[in-house]
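Please take a moment to look through the sequence and the model that follow, and then read on for a guided walk through some of the side chains inside.

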Amino acid sequence: MGRHITDKLIKKGHTVLSYSRDMQLPNEHPNNIFVFGELYDIPRLIQVINQYKVDRIIHTAAQSHPEVSIEVPFATVEANVMGMMGVLEAARLTGVKRVILFSSECAYGHSDGSPMSEEHPLCPTTPYGVTKATDEMMGRAYNIHYGMDIISLRVGQVYGPGQVMQEYIRDAAKAALAGEVYSIGFGGDQKIQLVFVTDAAEGVVCACFAEKKNDLAVYNITSGYQPTFYEILEILKELIPGAQFDVGPGDYGVDRNGIFVIEAAKRDLGYTPKVSLRDGLAQYVDWLKTHPY
């Protein structure tokens with residue numbers, strides 16, 4: 001997500017500061033500046049914000065997988081909640097008002113399958129989902145008490161070039177491209193709240209510069225489609241001649257949600273997803289022919 005957001009911002013003429021704990025070589029583009037630092041190091045964050053005159057922050061750093069959070073709940077809370085607190089405190093102390101936080105579909109938990117707007121109750125079922133609901137609520141508290149302008153985005157499952165986390169779509173496509181049978185004993189009926197990575201990035205950029213937000217300061221960001229894994233595999237068969245899949249019925253054992261309603265994001269942020277499911281899968285397959293993820 002970070003790379004795609006950065007590309008979009010640079011194309012719009014903005015200078016982007018990439019703040020990360022991973023050492024990186026200088027980027028060839030003069031408007032993309034890499035800075036080394038930790039989220040917990042508030043003095044460092046303040047120094048960097050002041051030095052580069054940062055006026056907006058997009059916070060993408062996190063432990064970003066619900067299944068991993070079940071294995072490492074403490075580390076997930078430490079990264080996702082305390083890391084977020086470092087960002088919010090640095091923003092508050094330097095006068096940066098607009099901060100974009102990444103929430104998730106996992107903040108909702110299970111539902112009855114009905115369409116879900118931002119007013120739907122939150123009942124997360126994983127440590128990851130709890131951290132995302134916590135981040136939203138803390139952002140709202142900062143808006144109320146410190147006059148900040150924080151927006152949280154409940155993003156669906158992001159797919160497309162660059163997805164390094166475990167992902168069934170990528171694994172199925174890569175197996176098919178290698179001439180192997182993709183086999184898994186479950187998951188075919190799972191409905192997946194998909195959003196192509198460039199559409200998700202566009203939603204973030206829209207939120208970054210939107211002139212207004214709703215009272216909740218929270219928006220669903222997704223594609224408008226929610227196929228089953230079986231439906232995705234049928235398209236992959238059309239895109240990859242000879243593809244073979246042996247996938248059992250049922251779901252993944254994760255949250256089951258209704259499709260997200262994105263009318264608020266369209267109205268307030270000017271967000272409109274552009275990539276259809278078939279086009280997104282076609283782009284992803286083409287990318288995976290020459291890239292590991």
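Predicted model: local features only at pLDDT ≥ 70, side-chain atom pairs only at ≥ 80, totals over all residues.

A search of the whole structure gives nine aromatic pairs. One of them joins Tyr182 and Phe229, whose ring centres are 6.4 Å apart and whose planes stand at 90°, so this pair is edge-to-face. Tyr182 lies in strand S7 (residues 181–184) and Phe229 in helix H8 (residues 229–239), so the pair ties together parts that are 47 residues apart in sequence. Tyr182 is buried, with a relative accessible area of 9%. Through ring pairs, Tyr168, Tyr182, Phe229, Phe245 and Tyr252 are linked into a cluster.

What does Phe229 touch when its neighbours within four places in sequence are left aside? Its contacts are Tyr168, Ile169, Ala172, Tyr182, Gly187, Gly188, Gln190, Ile192, Val247 and Tyr252.

The largest nonpolar core has 56 residues, and those that touch the most other members are Leu153, Tyr182, Phe229, Leu236, Phe245 and Leu269. Helix H7 (residues 197–209) supplies the largest share of this core, namely eight residues. There is also a second, separate core of 17 residues, which includes Ile49, Ala91, Val99 and Leu101.

Arg92 lies over the face of Tyr146, at 4.9 Å from the ring centre. Asn214, for its part, is found in the loop between H7 and strand S9 (218–221), and Asn214 is buried, with a relative accessible area of 14%. The side chain of Asn214 reaches the backbone oxygen of Val218 at 3.1 Å, and, once neighbours within four places in sequence are set aside, Asn214 is in contact with Tyr219, Ala264, Arg267 and Asp268.

Notes:
Residues numbered from 1 in each chain as written. Heavy atoms only, no water. Phe/Tyr/Trp six-rings, centres within 6.5 Å; stacked < 30°, edge-to-face > 60°. Helix = DSSP H or I, 4+ residues; strand = E, 2+ residues; numbered from the N terminus. Buried < 20%, exposed > 50% of the residue type's maximum accessible area, 1.4 Å probe, protein only. Lys NZ or Arg CZ within 6 Å of the ring centre and 35° of its normal. Core = buried A, V, L, I, M, F, W, Y, C linked by side-chain atoms within 4.5 Å. Contact = heavy atoms within 4.5 Å. Polar contact = N/O pair within 3.5 Å; in protein donor to acceptor, adjacent residues only side chain to side chain.
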